[in-house]
Amino acid sequence: MNRQSKADRSLTGIIRSRRTIHNFKEEPVPEFEKIIKALDLARWAPNHHLTEPWHFYLPGKETVNRICYLKAEITREAKNERAAEIKLKRWQQIPGWLILTCANSPDPVREREDYAACCCVAQNLLLLLWAEGIGAKWTTGEVTKEDRFYDLVHIDRQKETVVGLFWYGFAAEIPATKRKPVAVTVTVLP
Ligand SMILES: Cc1cc2nc3c(=O)[nH]c(=O)nc-3n(C[C@H](O)[C@H](O)[C@H](O)COP(=O)(O)O)c2cc1C
């Protein structure tokens, strides 16, 4: 992706070539400014009633480390010490971290629409990062649903819900994936 051709940098090329990145190079993460720029732009998503329900959390080294240890703790509880150690090592190698939340609402229609808007922001973000040669993964793994996680990142679960934990960095490998033929997903009505 870092070596994209000119043609690939079109919107079509970026949408087509973006992949969920599971493995990152050990290079330092892209400059903070690039990430902030992507977050700024990503917010230009459709949003019914302009509620702007999103919030981004950018955990620093200390918080990231605490998240990694929480993951290890959860793995230890579910499996064993060896599995926990492997997870801890793997998570500590992930170069870039950010968390996207959506504001809760007492109105279920608004909450659903706000979540939809946050998902638009998330996809914008993934595409903007990819356009800059930065790979990312949107994850909603078990950790992000834990009270312990909310406490650790100081997110009030009465007020906000985690839409995703996003890992980013330079891709070590770009996985292949596929989609069904478009005809299968389209119904033309009279
Ligand atoms: C809401 C959401 C949650 C996801 N959570 C995970 C996850 O927990 N673990 C994971 O490996 N991938 C996760 N993904 C990434 C998907 O697995 C990935 O998008 C899918 O396999 C298609 O691959 P692609 O993104 O490369 O097109 C998530 C994607 C979305 C939209």
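Select Cys118 to begin: leaving aside residues up to four places away in sequence, Cys118 touches Pro53, Trp54, Leu100, Cys102 and Val163. Here, two residues are in contact if their C-beta atoms, placed from the backbone, lie within 7 Å.

Before you go on, a word about the model. This is a predicted model, in which local features need pLDDT of at least 70 and side-chain atom pairs count only at pLDDT 80 or more, while totals for chains, interfaces and linings use all residues. Residues are numbered from 1 along each chain as its sequence is written.

**Stop 1: the whole chain**

Zoom out and colour by secondary structure. Helices (H or I, at least four residues) and strands (E, at least two) are DSSP runs, numbered from the N terminus. Along the principal axes, the C-alpha atoms fill a box of roughly 60 × 45 × 35 Å.

Now colour by pLDDT, the predictor's confidence in each residue, from 0 to 100. The chain has a mean of 95, and 96% of its residues reach 70 or more. Over residues 1-5, however, the pLDDT is below 50, and this stretch has 9 contacts in the model beyond near neighbours in sequence. Where pLDDT is low, the predicted coordinates should not be read in detail.

**Stop 2: the core**

Which residues touch the most other members of the largest nonpolar core? Select Leu100, Cys118, Val121, Ala122, Leu125, Leu129 and Ala136, out of 29 residues in this core. Helix α2, strand β2 (96-103), helix α5 (108-131) and strand β4 (160-169) each supply at least two of its residues, and α5 gives the most, with 10. A nonpolar core is a set of buried Ala, Val, Leu, Ile, Met, Phe, Trp, Tyr and Cys residues joined through C-beta atoms within 7 Å. A residue is buried if 20 or more other C-beta atoms lie within 10 Å of its own, exposed if 12 or fewer, and partly exposed in between, with C-beta atoms placed from the backbone.

**Stop 3: Ala38**

Next, pick Ala38 in helix α2 (residues 32-42). Is Ala38 buried or exposed? Ala38 counts as buried because it has 23 C-beta neighbours inside 10 Å. Not counting residues up to four places away in sequence, Ala38 touches Leu125, Leu128 and Leu129.

**Stop 4: two loop residues**

Select Glu52, in the loop between α2 and β1 (54-57). Glu52 has a positive phi of about 45° although it is not a glycine. Glu52 is partly exposed, with 14 other C-beta atoms within 10 Å.

Then jump to His154, in the loop between α6 (147-152) and β4. The phi of His154 is also positive, near 55°, in a residue other than glycine. His154 counts as exposed because it has 8 C-beta neighbours inside 10 Å.

**Stop 5: around the ligand**

Finish by selecting the residues around the ligand: Arg19, Thr20, Trp138, Thr139, Thr140, Gly141, Gly164 and Thr177. To be near, a residue has its C-beta atom, placed from the backbone, within 6 Å of the molecule. This shell divides into 1 nonpolar, 6 polar and 1 charged. Ala, Val, Leu, Ile, Met, Phe, Trp, Tyr, Cys and Pro count as nonpolar, Asp, Glu, Lys and Arg as charged, and the others, Gly among them, as polar.
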